[in-house]
Structures are given as C-alpha cells and as structure tokens.
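Please look over the sequence and the structure before reading on.

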Amino acid sequence: MQTFTPDQAGYREEIAGFQTGVQSTPHLVVAATSAEDIAEAVRHANERGLPIAVQATGHGLREPAEGVLISTRRMTGVTVDPRRRLARAEAGATWGSVIDAAAEHGLAPLSGSSPGVGVVGYTLGGGFGLLGRHFGLASDRVVSADLVRPDGTRTTGPLEAGIVTALEFELVPVTTLYGGGLFFDTARIPDVLRAWRDWTLDLPDTVGTSVALVPFPDLPMVPEPFRGKHIANVRVASLAAGGDQLVAPLRALGPIQDTLKTMPYTDSGQIAADPPNPHPYLGDNRVLPALPDEALTTVLDHAGPGAPVPTVLIIDLLGGAYQHAKASDFTPESRYTVRALSLVDPDAATVRAAHAKLFAPLTPESTGRLRSFVYGQPLG
Ligand SMILES: Cc1cc2nc3c(=O)[nH]c(=O)nc-3n(C[C@H](O)[C@H](O)[C@H](O)COP(=O)(O)OP(=O)(O)OC[C@H]3O[C@@H](n4cnc5c(N)ncnc54)[C@H](O)[C@@H]3O)c2cc1C
C-alpha cells in the first residue's frame with residue numbers, strides 16, 4: 001500500500017478527481033490496493049481520531065476531504081459469472097469496465113449515462129440507469145457487499161454503513177439498444193420541450209428518455225452545428241421494437257442532427273456523451289409528479305437561452321420500474337426529474353443563486369430530489 005502526505009510527490013495527483021471544484025486537504029492519502037489496506041486505513045484513522053473519506057473517480061465529491069482519504073482508484077478488478085448473471089466489481093471499478101466484461105457474455109449492467117462513473121458511488125446513490133424504467137435501480141440489484149465497517153472490521157453481506165471494498169450485483173440480458181439523440185436548434189426549444197413532455201405521457205417502460213438544454217460555447221472544439229448555440233437534445237435508450245416509428249413524432253420537429261440507431265450496449269456512453277474531462281461543477285435537482293406548461297416556462301426562463309448563468313438542464317422521465325424502487329428518493333408519484341448543472345463560472349455563489357431561482361417555483365410541487373445528482377451542497 002502506498003501512502004501520501006501533503007509534502008510528498010504524488011499527493012495532489014492522487015487526490016485529483018473528475019470534480020475539480022472541491023479542494024481536499026487530507027493529512028494522509030492511502031492508495032489502497034486491497035480490502036485489507038482499506039481496513040488498515042480505517043483503523044489508523046480511528047486510533048488518531050481522524051475523519052475518513054473515500055474516493056474512487058471523484059465524480060460525486062461534495063465536500064473537501066480532511067483526515068485520512070482512502071483512494072480506491074487502483075482497485076479496478078471486475079469479474080462476471082455468466083451462469084448466475086452476476087458481476088463483482090472492486091471499489092474503484094468504473095462502469096465502462098463492467099459493461100465490457102458483461103458484454104462478452106451477452107449481458108449488461110444497470111449503468112448510467114457515463115462509463116467513467118464509479119460502480120460503487122453510483123450504486124450507493126441508488127443508481128439511475130439508462131434502462132432503469134424497465135429494470136429498476138442498480139441498488140436494488142445488489143446481491144452482496146464486501147465492507148469495512150466503521151470500526152475497521154471486515155464483513156460480507158447486505159449493504160450497511162461502511163466502506164465498500166467490492167460489490168456483487170445482477171446483470172441483465174441486454175446486448176443492443178436503440179439509442180442516441182435528436183438535436184434541435186435554439187428556436188425550436190419551447191416546441192421540443194412540450195412535444196417531448198407529451199410524447200412521454202404513454203411510453204412503455206422499455207423506453208428511457210431525457211431532454212437536455214445545452215449551451216454550447218463558441219469555441220473551435222465544439223462541432224459547427226452546435227457552436228455558440230443553445231441546443232435541445234432529446235436522448236433515447238430503448239429496448240422497444242420499432243424504434244424509428246416510436247420517435248417519429250419527435251423527428252417530425254426537424255432535428256439539425258440525428259444520431260438515433262441500433263447500437264451495442266458497449267456504445268451506450270455515446271447517448272448522453274457526457275464530457276470526459278475533469279472540471280468544476282455545481283448542480284441540484286427536483287423530482288416532479290408532472291410537467292405542466294408552467295414548469296416548462298420556469299425551466300425556459302431560468303435555464304434556457306438567455307439564462308443569467310449557462311446551465312445544462314436535463315429532464316428525465318421516471319415512472320416504470322422506478323415506482324417500485326426501494327430507495328427513498330423515489331416515490332410512486334415520481335415522474336420527472338429537473339436537473340441543473342453549471343460550471344463554477346463566474347463563481348459558486350452566483351451559480352447557486354441562479355439554481356435557487358430555477359428550483360424555487362418547482363419546489364412546492366416536488367416530491368424530493370435524487371441525491372446522486374447533487375453536486376456541491378444541496379440547495380435549501
Ligand atoms: C458526468 C456524470 C454522469 C453521471 N451519470 C449518472 C447516471 O447516469 N446515473 C446516476 O445515478 N448517477 C450519475 N452520476 C452521479 C454519480 O452516480 C455520483 O456522482 C456518484 O457519487 C459517483 O461515484 P464515483 O465513485 O464515480 O465518485 P466519487 O466522487 O469517487 O465518490 C462519490 C462518493 O461516493 C461514496 N463512495 C465512493 N466509493 C465508496 C466506497 N468504496 N464505499 C463507500 N462509499 C463510497 C463517497 O461518499 C464518495 O464521496 C453522474 C455523475 C457525473 C459527474
């Protein structure tokens with residue numbers, strides 16, 4: 001096991017994660033390579049009365065780590081048991097490696113938009129996946145967890161408080177899906193929002209979908225049709241037959257780009273095409289039972305073209321199997337999320353104030369929030 005103190009080379013690199021807006025300053029970083037390393041780190045922190053934090057990819061960091069930071073990024077082992085349709089992933093494994101290992105056996109995990117996200121952090125937050133309306137939450141598919149308890153002892157069994165050293169969970173028999181995106185020019189945004197909302201009212205649970213409003217910067221690296229524009233992006237991940245027929249009402253709105261096609265599940269990260277590079281971001285969300293026109297107006301006013309702070313706004317369709325999810329974030333009434341995510345630009349206070357204005361009118365009707373999609377501290 002390698003350890004790093006603030007004065008040692010490699011300390012900053014070990015702490016660096018996807019979220020660069022959180023600056024951790026631990027006394028000690030433990031670069032764990034085994035469950036026993038994690039147990040030892042927990043006992044070491046307990047003996048000295050130091051707080052303990054754990055980090056895999058750094059996608060979900062909320063507050064700076066102090067005391068002992070356990071870095072699991074080296075614990076990337078993944079195995080698949082095709083006969084029992086189970087995968088076992090170590091604490092630092094990302095969805096990409098599980099997707100690839102499962103695909104060799106005609107199986108897939110209940111992964112989400114980004115293959116770079118950590119399996120354990122995602123699952124502990126519930127795990128809202130591309131196919132979740134049909135198969136439910138990732139956390140409901142956990143069979144067994146290897147854990148280090150807060151007292152430093154190790155155990156295997158149901159999920160409980162502690163640091164997960166490995167998770168065993170069910171896979172589903174999926175090899176391909178109909179997925180991708182329809183991209184619409186700025187002027188179409190109000191129509192697209194209403195058409196998408198109407199389209200979602202009676203979709204089968206085999207169809208997962210979101211609509212995103214994305215402000216693209218005017219930079220050479222942004223592809224020409226999107227450069228400097230506010231784009232509406234309808235995302236689809238569907239197991240239903242007749243994909244082209246299904247999306248016909250949305251295609252009729254005239255997208256400027258259309259990437260919908262049948263694809264292997266191994267390409268599912270292309271659907272949302274989340275940015276791969278680390279950056280500083282803040283975000284929060286609300287879950288709503290319906291999307292009345294007033295909610296869409298709120299979204300347009302506070303996170304559409306002309307919004308005071310550039311915001312990626314995503315509305316996801318819930319329902320389906322989520323109605324039976326065990327995680328407390330989901331209720332039978334949960335029907336849509338409204339998620340906001342912004343770069344910390346110009347500063348955190350300005351971004352948080354803009355997000356607060358967006359969510360204030362939505363909060364009275366809201367059934368809560370999904371904790372996975374809170375980046376930074378949740379808004380009140
Ligand atoms: C680009 C992007 C796309 C995303 N897409 C989705 C999505 O589609 N669906 C979804 O549900 N969520 C999604 N998320 C949210 C994501 O699931 C959470 O941010 C999650 O916490 C990330 O886990 P991580 O291990 O990658 O990150 P980390 O920042 O390394 O860990 C986040 C937190 O998880 C906990 N944790 C990590 N490892 C352990 C462990 N071994 N034992 C105990 N606790 C641990 C710790 O509290 C840690 O602070 C996305 C996030 C981003 C940034």
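Which residue's side chain meets that of Arg 339 in a salt bridge? The partner is Asp 316, at 2.8 Å from N to O. The model is predicted, and a search of the whole structure finds 22 salt bridges.

**Salt bridge Arg 339 to Asp 316**

- The side chains of Arg 339 and Asp 316 form this salt bridge, and the pair ties together parts 23 residues apart in sequence, because Arg 339 lies in strand β17 (residues 336-343) and Asp 316 in strand β16 (residues 312-317).
- Arg 339 has a relative accessibility of 15% and counts as buried, because the cut-off for buried is under 20%.
- Asp 316 is also buried, with a relative accessible area of 1%.

**Salt bridge Asp 284 to Arg 369**

- A salt bridge joins the side chains of Asp 284 and Arg 369, with an N to O distance of 3.0 Å.
- Asp 284 is buried at a relative accessible area of 1%, whereas Arg 369 is partly exposed at 28%.

**Salt bridge Asp 293 to Arg 197**

- Asp 293 and Arg 197 form a salt bridge in which the closest N and O atoms are 2.9 Å apart.
- This pair links distant parts of the chain, with Asp 293 in helix α9 (residues 293-303) and Arg 197 in helix α6 (residues 189-199), 96 residues apart.
- Asp 293 counts as partly exposed, with 39% relative accessibility, whereas Arg 197 counts as buried, with 11%.

**Salt-bridge network**

- Glu 14, Arg 73 and Arg 74 are linked in a network of salt bridges.

- Ser 24 sits in the loop between α1 (11-15) and β2 (28-31).
- The relative accessible area of Ser 24 is 2%, and the residue is buried.
- At 2.8 Å, the side chain of Ser 24 reaches the backbone nitrogen of Ala 65.
- Apart from neighbours within four places in sequence, Ser 24 is in contact with Tyr 11, Arg 12, Ile 15, Pro 64 and Ala 65.

**Backbone features**

- Asp 345 and Pro 346 are joined by a cis peptide bond, with omega at about 10 degrees.
- Pro 346 is placed in the loop between β17 and α10.
- Arg 85 is not a glycine, yet has a positive phi of about 50 degrees.
- The loop between β5 (78-81) and β6 (86-90) holds Arg 85, which counts as partly exposed at 42% relative accessibility.
- Ala 273 is not a glycine either, and has a positive phi of about 45 degrees.
- Ala 273 is found in the loop between α8 (269-272) and β15.
- With a relative accessible area of 54%, Ala 273 is exposed, because the cut-off for exposed is over 50%.

Definitions and conventions
Residues numbered from 1 in each chain as written. Predicted model: local features only at pLDDT ≥ 70, side-chain atom pairs only at ≥ 80, totals over all residues. Heavy atoms only, no water. Salt bridge = Lys/Arg side-chain N within 4 Å of Asp/Glu carboxyl O. Helix = DSSP H or I, 4+ residues; strand = E, 2+ residues; numbered from the N terminus. Buried < 20%, exposed > 50% of the residue type's maximum accessible area, 1.4 Å probe, protein only. Polar contact = N/O pair within 3.5 Å; in protein donor to acceptor, adjacent residues only side chain to side chain. Contact = heavy atoms within 4.5 Å.
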